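Here is a short briefing on one protein model. Keep the structure open while you read.

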Amino acid sequence: MINYCIIGDNWGFKIFRILKNLNKQAFLFQTNKKRGSKKYFVDLKKFILKKKISFIWIATPPLNRFKLLNFCINQNLNLIIEKPIILKKNEFKILDRKLKIKKKYCFIHFEYLFLKKLKNLSSKNIKKIDMHFHHSKVNQHKIDPYLNNGTHLMSLKKKYFNKVKNISYYVSEGNKNLRQINIFKNKRIKINFTNNKEKIIQRFIFYLEDIFSKQKINEYNLKFGYDCTEKIKLILKKN
């Protein structure tokens with residue numbers, strides 16, 4: 001059985017509720033110690049040992065997470081990390097190497113990868129794709145919208161449209177809610193997931209548990225998440 005520990009507010013609470021509704025063994029880690037301090041990690045280590053945690057789900061803001069990620073790997077934990085993966089190159093190499101040495105799993109949570117319409121779509125004869133991710137709210141972490149939400153689009157590109165060259169990305173915050181992909185073949189195919197009702201987070205959980213229980217290769221690992229961020233950075237430089 002997997003014992004999950006969730007770290008993070010707001011989105012972390014949502015993940016916790018979903019896990020509990022699935023009857024999973026899930027625990028929220030909360031402490032009044034400053035995140036990243038020595039006392040914080042002392043409390044976290046005690047919590048991990050007491051609850052016999054096997055997977056830690058990190059839903060903290062994406063900046064400055066290296067210290068927390070490194071600590072969790074050193075505690076021999078498997079990881080689930082919310083996008084985007086913002087790491088320096090040397091930080092990524094350190095974490096990736098440790099994960100391989102310790103033979104631990106690291107799943108990056110790109111929920112929209114689990115949309116049914118995308119799984120059933122053929123990538124043949126696609127002439128052009130326009131990808132949109134617009135959010136009416138502005139993130140409070142001073143992250144460029146392309147890094148914050150554009151990585152969702154890049155994950156879809158890497159998974160489903162990696163051979164398609166003519167792709168445009170449109171990302172904004174503080175204006176409107178619109179998450180949509182326009183695929184041009186002989187006619188336009190529109191996939192709108194703004195008000196998606198599919199239980200895609202639940203599908204992600206089923207995916208990781210299947211991979212973990214059967215010891216299969218994880219497609220959405222740390223390198224996948226890191227590459228999504230780096231490719232978005234290249235687009236930003238061109239713009």
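Predicted model: local features only at pLDDT ≥ 70, side-chain atom pairs only at ≥ 80, totals over all residues.

The largest nonpolar core holds 81 residues.

- Strand E4 (residues 78-82) pairs with E5 in the parallel sense, over 4 bridges.
- Two bridge partners can be named across this pair.
- Cys 106 and Ile 108 point one way from E5. Phe 107 and His 109 point the other way. All four of these residues are buried.

**Helices across the sheet**

**The nonpolar core**

- Which members of the largest nonpolar core touch the most other members? They are Tyr 4, Leu 44, Ile 56, Phe 161 and Leu 222.
- Helix H8 (residues 200-214) supplies the largest share of this core, with 7 residues.
- In soluble globular proteins, nonpolar side chains tend to be buried together.
- Beyond its neighbours within four places in sequence, Ile 56 contacts Cys 5, Ile 7, Leu 44, Ile 48, Cys 72, Leu 77, Asn 78, Leu 79 and Ile 80.

**Helix H9**

- H9 (residues 222-238) has 17 residues. From first C-alpha to last, H9 reaches 25 Å, close to the 24 Å expected at 1.5 Å a residue.
- Asn 221 caps the N-terminal end of H9. A side-chain oxygen of Asn 221 lies 3.3 Å from the backbone nitrogen of Lys 223.
- The buried residues of H9 are Leu 222, Phe 224, Gly 225, Tyr 226, Asp 227, Cys 228, Thr 229, Ile 232 and Ile 235.
- These buried residues pack against E4, helix H4 (89-102), E5, helix H6 (145-148), helix H7 (150-160) and strand E7 (167-173).

- Ser 155 is in helix H7. Its relative accessibility is 1%, so Ser 155 counts as buried.
- Not counting residues up to four places away in sequence, Ser 155 touches Phe 110, Leu 113, Phe 224 and Cys 228. Phe 224 and Cys 228 are among the buried residues of H9.
- Leu 69 sits in helix H3 (residues 66-74). Its relative accessibility is 3%, so Leu 69 is also classed as buried.
- Not counting residues up to four places away in sequence, Leu 69 touches Ile 58, Leu 79, Ile 81, Leu 87 and Leu 95.
- Leu 69 and Lys 176 are 107 residues apart in sequence. Their C-alpha atoms are 33 Å apart in space.

- Asn 139 lies in the loop between strand E6 (128-135) and H6.
- Is Asn 139 buried or exposed? At 14% relative accessibility, Asn 139 is under the 20% cut-off and therefore counts as buried.
- The side chain of Asn 139 makes a polar contact with the side chain of Glu 173 at 2.8 Å.
- A polar atom of the Asn 139 side chain also lies 3.1 Å from the backbone oxygen of Ile 143.
- Beyond its neighbours within four places in sequence, Asn 139 contacts Asn 148 and Glu 173.

**Backbone points to check**

- Lys 83 and Pro 84 are joined by a cis peptide bond, with omega about -10 degrees. Pro 84 is in the loop between E4 and H4.
- Asn 76 has a positive phi, near 60 degrees, and is not a glycine. Asn 76 lies in the loop between H3 and E4. At 42% relative accessibility, Asn 76 counts as partly exposed.
- Asn 125 has a positive phi of about 60 degrees, although it is not a glycine. Asn 125 lies in the loop between helix H5 (116-119) and E6. At 66% relative accessibility, Asn 125 counts as exposed.

Conventions:
Residues numbered from 1 in each chain as written. Heavy atoms only, no water. Core = buried A, V, L, I, M, F, W, Y, C linked by side-chain atoms within 4.5 Å. Buried < 20%, exposed > 50% of the residue type's maximum accessible area, 1.4 Å probe, protein only. Helix = DSSP H or I, 4+ residues; strand = E, 2+ residues; numbered from the N terminus. Contact = heavy atoms within 4.5 Å. Pairing = 2+ DSSP bridges. Expected span 1.5 Å × (residues − 1). Polar contact = N/O pair within 3.5 Å; in protein donor to acceptor, adjacent residues only side chain to side chain.
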